[in-house]
Amino acid sequence: MAAKRKKRTRNTAEKAIRPSWSLKQRLLCVLIVFTVFFLILIGRLFYIQVIWGPELQRMALDQWTRTTALTAERGRILDSKGKILATNDNVYKVVVWPNQIEASDRERIATELSRLLGMDYDTVLTRVSTTRYQERVIKRQIDKDTRDAVEALKLGKGVGTANDSRRTYPYNDLFAQIIGFTDIDNHGQEGLELAYDEYLSGTDGKQIAETDSSGNVLAYSATQYVDPIDGLDIVITGDSVLQSYLESALADAVEVNNAKSAQGIIMDCKTGRILAMSSQPDYDLNNPPRSDLALLAEVSRNRLVTDAYEPGSTFKIITLASALDCGVAGARGYYCAGGYQVNGETIHCWRTAGHGDQTLTQAVENSCNCAFMQMALGMGSEQFYDYIYSFGFGQSTGCGLSGESSGIVTHEKYVTDNDLARIGFGQSIAVTPIQLCTAVCAAVNGGYLYQPHVVQRIVDNEGNVVFEANEEPVRQVISESTSKRVREILQSVVDNGTGRNCQIEGYKVGGKTGTAQKYDEYGRISQGSYICSFIGFAPADDPRFVCLILVDEPQVGQIFGSTVAAPFVKTVLENTLHYSGILPSTKSETVKVPDLAGLDIGEASDRKSVV
């Protein structure tokens with residue numbers, strides 16, 4: 001009994017000192033609460049230091065520093081002779097530091113600035129009051145007088161001025177479609193300014209100065225400068241003198257022919273350099289018509305790279321070169337009865353009475369559609385298409401200008417013989433002027449296709465060349481002997497055929513006329529609307545310059561490329577040859593002069609000359 005009582009007593013004592021399950025649960029809950037608390041604390045610290053940290057640091061810096069942006073100088077654009085075409089003027093900008101402007105002063109400051117700068121009051125008030133930004137620009141590109149007027153207002157430590165830059169174009173409308181323009185923030189909007197914006201822009205710097213609790217710059221504080229990195233300079237292949245020749249000729253072509261517009265290009269056929277390029281009418285680069293967006297789009301678009309059109313007879317150069325190179329054309333003659341039957345359809349020549357029997361050279365001189373239909377069908381779609389693609393049609397030329405079109409070349413598997421016949425004389429295919437000019441260069445320069453380019457080099461501030469254009473041939477399209485034959489035939493076109501209006505005294509010139517129909521928005525032929533063109537090259541025996549001019553919708557009695565466009569190509573080529581120092585190839589005559597020594601004027605004049 002005593003042993004049992006002792007065992008019961010020990011069990012009771014053990015129960016007394018053993019914690020109950022409810023106590024364990026309470027301890028566990030306390031532990032969980034403390035754990036959650038510490039996790040929340042750690043999370044909060046992580047958020048403050050890592051997530052929110054940069055913002056807090058910025059806010060702290062705003063309280064004891066003032067940061068002013070330093071505008072980078074935009075790179076210049078120069079022509080091939082070093083003339084500056086696009087540069088920058090030193091102007092000023094009005095800036096505010098909202099965190100350093102008292103709330104009670106914001107309305108007064110907004111009133112004064114909006115009145116002086118001619119801005120909307122609410123816009124200025126919003127910028128002055130938005131404290132989440134350390135610095136806000138109120139207005140850019142103000143002149144010195146306006147800057148002095150702002151400073152004279154003494155609007156307090158939260159308002160100031162800083163240096164700024166404004167894009168300017170010394171030659172106004174020269175190279176308008178090539179250069180393009182920028183917006184007020186100096187970001188490229190069109191032309192090279194847009195296509196090469198990343199090279200021209202540079203990187204802005206900043207100036208950081210320490211301030212006191214009131215926002216005043218400390219007199220002996222350390223000022224930190226992060227220098228701006230200026231943009232790179234671009235040197236183009238264009239020559240300002242040649243550009244002026246071309247623009248003047250195009251303006252005359254529009255006026256004389258009462259035309260909608262005119263486009264032209266001069267290319268160095270041995271390098272692919274675009275020496276001049278323009279579409280008239282153009283616009284002043286310093287004052288683009290921003291208020292009329294439709295007009296701005298019309299005059300700033302570089303049609304020579306963006307617009308595809310049916311080339312008409314100028315494309316016959318490509319058909320001729322291809323047919324000669326593959327042996328389809330040669331010594332054989334061509335008969336023209338005014339039309340040619342293809343799969344039961346009569347496709348007419350431009351001369352409905354026909355040209356009769358012709359040699360190859362005569363067929364090209366006459367620009368006979370029937371002869372070129374036979375050449376195209378003789379090659380067949382596979383062979384002809386190989387040449388078309390090899391000459392660069394149906395693909396971008398990569399000339400370096402934005403918005404370039406690839407033209408329209410119907411896929412070979414969908415082309416019928418009827419289509420192929422029309423392609424032979426420049427219909428049922430659409431090309432860009434830059435494609436056509438590049439291809440013709442290859443046809444006459446020995447057969448080598450070069451990539452056309454408008455940027456020759458890109459240079460940094462120290463004069464180091466960071467980019468240089470590659471002027472190696474892309475490929476050889478036709479043989480040199482074929483190219484020589486093409487040159488001879490096209491010279492005959494100018495000497496004896498439809499290109500007579502491009503003859504230049506003392507020089508050998510080759511070329512080809514073109515007259516193409518236009519289509520409306522529904523793909524139908526637009527009656528009475530034509531594009532007349534002429535593409536010429538000189539000197540014909542050793543070509544250097546190729547010039548293409550297109551006149552859009554001329555309103556004159558005779559609408560032919562030979563009368564509407566050829567005379568203006570003649571003017572451009574003649575001026576270009578003289579400017580480039582290429583002497584005329586005139587024949588010299590030997591004259592025997594009599595011996596007049598010792599004679600007076602009377603005796604000498606009486607002496608008959610002996611030749």
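Two strands pair if DSSP finds at least two bridges between them. Keep that in mind for what follows. The model shown here is predicted.

Start at one bridge. β9 and β10, which covers residues 274-280, pair in the antiparallel sense over 6 bridges. The two strands form a hairpin, with 5 residues between them. In that turn, glycine 272 has a positive phi of about 85°.

How many residues of β9 are buried? The count is 8 of the 8, across residues 261-268, so the strand is largely enclosed by the rest of the structure. In a regular strand the side chains alternate between the two faces of the sheet. Both faces of β9 are covered. Ser261, Gln263, Ile265 and Met267 are buried on one side. Ala262, Gly264, Ile266 and Asp268 are buried on the other.

Now widen the view to the sheet. It is open and has 5 strands, in the order β10-β9-β21-β20-β19, with antiparallel pairing. Which strands stand at the edges? They are β10 and β19, the latter spanning 510-519. Each has a single partner strand, so one side of each is left without a neighbour in the sheet. Neighbouring strands are turned by 10° against each other on average, direction ignored.

Further along the sheet, β20 (residues 525-538) and β21 run antiparallel and are joined by 8 bridges. One of the bridge pairs is glycine 536 with cysteine 547 of β21. A helix packs on this sheet: α17, residues 433-444. α17 touches β9, β10, β20 and β21. Its direction makes about 145° with that of β21.

Two cis peptide bonds come next. One runs from glutamine 280 to proline 281, with omega near 5°. Proline 281 lies in the loop between β10 and α11 (293-300). The other runs from alanine 538 to proline 539, with omega near -15°. Proline 539 lies in the loop between β20 and β21.

Turn to the nonpolar interior. In soluble globular proteins, nonpolar side chains tend to be buried together. The largest nonpolar core here has 95 residues. Which of its residues touch the most other members? They are Phe391 and Phe393. Helix α15, residues 369-390, gives the most to this core, with 11 residues. Leaving out residues up to four places away in sequence, phenylalanine 393 touches Phe315, Ile318, Ile388, Val409, Val431, Gln435, Leu436 and Ala439.

The whole structure holds 6 aromatic pairs. One of them joins tyrosine 385 and tyrosine 389, edge-to-face. Their centres are 5.7 Å apart, with 70° between the planes. The two tyrosines are 4 residues apart in helix α15, which means they are separated by about one helical turn. Tyrosine 385 is buried, at 1%. Tyrosine 389 counts as partly exposed, at 33%. Elsewhere, a charge meets a ring: the charged end of arginine 147 sits over the ring of tyrosine 92, 4.4 Å from its centre.

Next, look at leucine 155. It lies in the loop between α6 (144-152) and β5 (159-168). Is leucine 155 buried or exposed? Its relative accessible area is 7%, and buried means under 20%, so leucine 155 is buried. Setting aside neighbours within four places in sequence, leucine 155 is in contact with Arg108, Ile109, Glu112 and Leu113. The C-alpha atoms of leucine 155 and alanine 110 are separated by 10.0 Å, while the two residues are 45 residues apart along the chain.

Finish with two backbone details. Glutamine 141 is not a glycine, yet it has a positive phi of about 55°. It sits in strand β4, residues 136-142. At 18% relative accessibility, glutamine 141 counts as buried. Asparagine 343 also has a positive phi, near 55°. Asparagine 343 is found in the loop between β12 (339-342) and β13 (345-348). With a relative accessible area of 62%, asparagine 343 is exposed.

Conventions. Residues are numbered from 1 along each chain as its sequence is written. This is a predicted model: local features need pLDDT of at least 70, side-chain atom pairs count only at pLDDT 80 or more; totals for chains, interfaces and linings use all residues. Side-chain values use heavy atoms; hydrogens and water are left out. Buried means under 20% relative accessible area, exposed over 50%, partly exposed in between (1.4 Å probe, protein chains only). A nonpolar core is a set of buried Ala, Val, Leu, Ile, Met, Phe, Trp, Tyr and Cys residues joined through side-chain atoms within 4.5 Å. Contact means heavy atoms within 4.5 Å. Axes are lines fitted to C-alpha atoms, for helices over the stretch in contact, and angles run from 0 to 180 degrees between N-to-C directions. Rings of Phe, Tyr and Trp (its six-membered ring) pair if their centres lie within 6.5 Å; planes under 30 degrees apart count as stacked, over 60 as edge-to-face and the rest as tilted. A charge sits over a ring if NZ of Lys or CZ of Arg is within 6 Å of the ring centre and within 35 degrees of the ring normal.
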